[in-house]
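Here is a structure to look around in.

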Amino acid sequence: MTQDNVTDDRTDRSTIVSPEDAGNESETPDPSGESSLSRSIAAEGRDGERVGTAQTVLEARDLNVYYDDVQAIDDVSLAIPENRVTALIGPSGCGKSTFLRSINRMNDLIDAARIEGELLFRGKNVYDDDVDPVALRRKVGMVFQHPNPFPKSIYDNVAYGLRIQDDTENLDERVETALKRAALWDEVKDQLDESALDLSGGQQQRLCIARAIAVDPEVILMDEPASALDPIATSKIEDLIEELAEEYTVVIVTHNMQQAARISDRTAVFLTGGELVEYDDTETIFENPESQRVEDYITGKFG
Ligand SMILES: Nc1ncnc2c1ncn2[C@@H]1O[C@H](COP(=O)(O)OP(=O)(O)O)[C@@H](O)[C@H]1O
Ligand SMILES: [Mg+2]
């Protein structure tokens, strides 16, 4: 569905580590300029698994998530490939949102939530003490079910993340680029100073995607991003998600199985109790799943 010759030459992969800890590395500097994080991935070789030729960007290992005594994710291990769309599907309450939030540590904001196991981003456990969750969330952005633009202008919404980082060089150009990548520019270029709240629901959702893109993430997490939208707006978001995968790694939660079948390259099926039952190429999951439970779910016998 997306291109297969993905190469990776970015070198800023260690930026999720908080600055005070980043300087404490005992390693000698590498004259190649490669970050220590990407070197550790290559050296360990454990993240070299590929889907087609795509590299693993995110990997859960024996991940368990609890809310007080309730287990929401049950010993999940899975590797998510770069520049692909990975869909998480399954019935309501099976832990899809919880899994998604564990990737960029949004569960940190829920007092009752407790995590065991590892969640690796480019080979680095995001739960390590030296990881700065705010920096992580810039690299691993999130878009929610209900569009949540700030009560500000269209321009100010997209510029927001860059301004709070004090990173305002070429701001106009970067706002324009983000809006173009979110397939919104043509619709809003003459009204950038108008309130984002006057946009339609579908436009607001694309604006939220532009806002996430503006700070140059590698991964975009989406939790049912189209479920509050009408069919035309939904179709635009679906087209956009497929385009985004050329630049970004997309992980999308959806309870709409047709949507997962249409737009994703890989599909993970969660079932009740937060168990990952099957994870494979989307075509295999929908046409020839291994598990009877998955087949029953896909064919609508429950869920
Ligand atoms: N903030 C929370 N506090 C307590 N329990 C929660 C919270 N969020 C989710 N849960 C519970 O965790 C389980 C998984 O929920 P969730 O991840 O929202 O599933 P899904 O997104 O698949 O519908 C459910 O039993 C749900 O009630
Ligand atoms: Mg959910």
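**Starting at the ligand**

Two elements, β3 (70–81) and α3 (96–103), each supply at least two residues of the shell around ligand 1. Helices here are DSSP runs of H or I with at least four residues, strands are runs of E with at least two, and both are numbered from the N terminus. What you're looking at is a predicted model, where local features need pLDDT of at least 70, side-chain atom pairs count only at pLDDT 80 or more, and totals for chains, interfaces and linings use all residues. As for labels, residues are numbered from 1 along each chain as its sequence is written, while chains are lettered from A and ligands numbered from 1 in the order in which they are written.

Which element gives the most to the shell around ligand 1? That's α3, with three residues. There are 13 residues around ligand 1, and Tyr67, Ala72, Lys96, Ser97 and Thr98 come nearest; a residue is near a molecule if its C-beta atom, placed from the backbone, lies within 6 Å of it. By type, the shell divides into six nonpolar, six polar and one charged.

Lysine 96 and leucine 271 are 175 residues apart in sequence, yet 9.3 Å apart in space, C-alpha to C-alpha. Leucine 271 sits in strand β10. It counts as buried because 22 C-beta neighbours lie inside 10 Å. The cut-offs go like this: 20 or more other C-beta atoms within 10 Å of a residue's own make it buried, 12 or fewer make it exposed, and anything in between is partly exposed, with C-beta atoms placed from the backbone. Leaving aside neighbours within four places in sequence, leucine 271 is in contact with Gly90, Pro91, Cys94, Val277, Arg293 and Tyr297, contact being C-beta atoms, placed from the backbone, within 7 Å.

Now for the sheet that β10 belongs to. Six strands make up an open sheet with mixed pairing, in the order β7-β8-β9-β4-β10-β11; strands pair if DSSP finds at least two bridges between them. At the edges stand β7 (140–143) and β11 (275–281), each with a single partner strand, so one side of each has no neighbour in the sheet. On average, neighbouring strands of this sheet are turned by 15° against each other, direction ignored. Inside the sheet, β4 (residues 85–89) and β10 (residues 266–271) pair in the parallel sense over four bridges, and leucine 88 stands opposite alanine 268 in β10.

Helices lie across these strands. α8 covers β7 and β8, running at about 170° to β7, and α9 (residues 231–244) lies across β4, β8 and β9 (249–253), running at about 145° to β9. Those angles run from 0 to 180 degrees between N-to-C directions, using axes fitted to C-alpha atoms, for helices over the stretch in contact.

A nonpolar core here is a set of buried Ala, Val, Leu, Ile, Met, Phe, Trp, Tyr and Cys residues joined through C-beta atoms within 7 Å. The largest one has 78 residues, of which Leu88, Ala210, Ile220, Leu221, Ile241, Val250 and Val251 touch the most other members. α8 gives the most to this core, with seven residues. Beyond its neighbours within four places in sequence, isoleucine 241 is in contact with Val85, Val250, Ile252 and Ile263.

On to α5 (154–164). Its buried residues are Ile154, Asn157, Val158, Ala159, Gly161 and Leu162, and they pack against α6, α7 (185–188) and α8. After α5 comes aspartate 166, whose phi is positive, near 60°. Aspartate 166 is exposed, because it has 7 other C-beta atoms within 10 Å. Aspartate 216, in the loop between α8 (201–214) and β8 (219–223), also has a positive phi, of about 65°.

Finally, there's another stretch of pairing to find. β2 (residues 54–67) and β5 (residues 113–121) pair antiparallel over eight bridges, with glutamate 59 opposite leucine 120 in β5. β5 then forms a hairpin with β6, with two residues between them.

Key:
Nonpolar A, V, L, I, M, F, W, Y, C, P; charged D, E, K, R; others polar. Contact = placed C-beta atoms within 7 Å.
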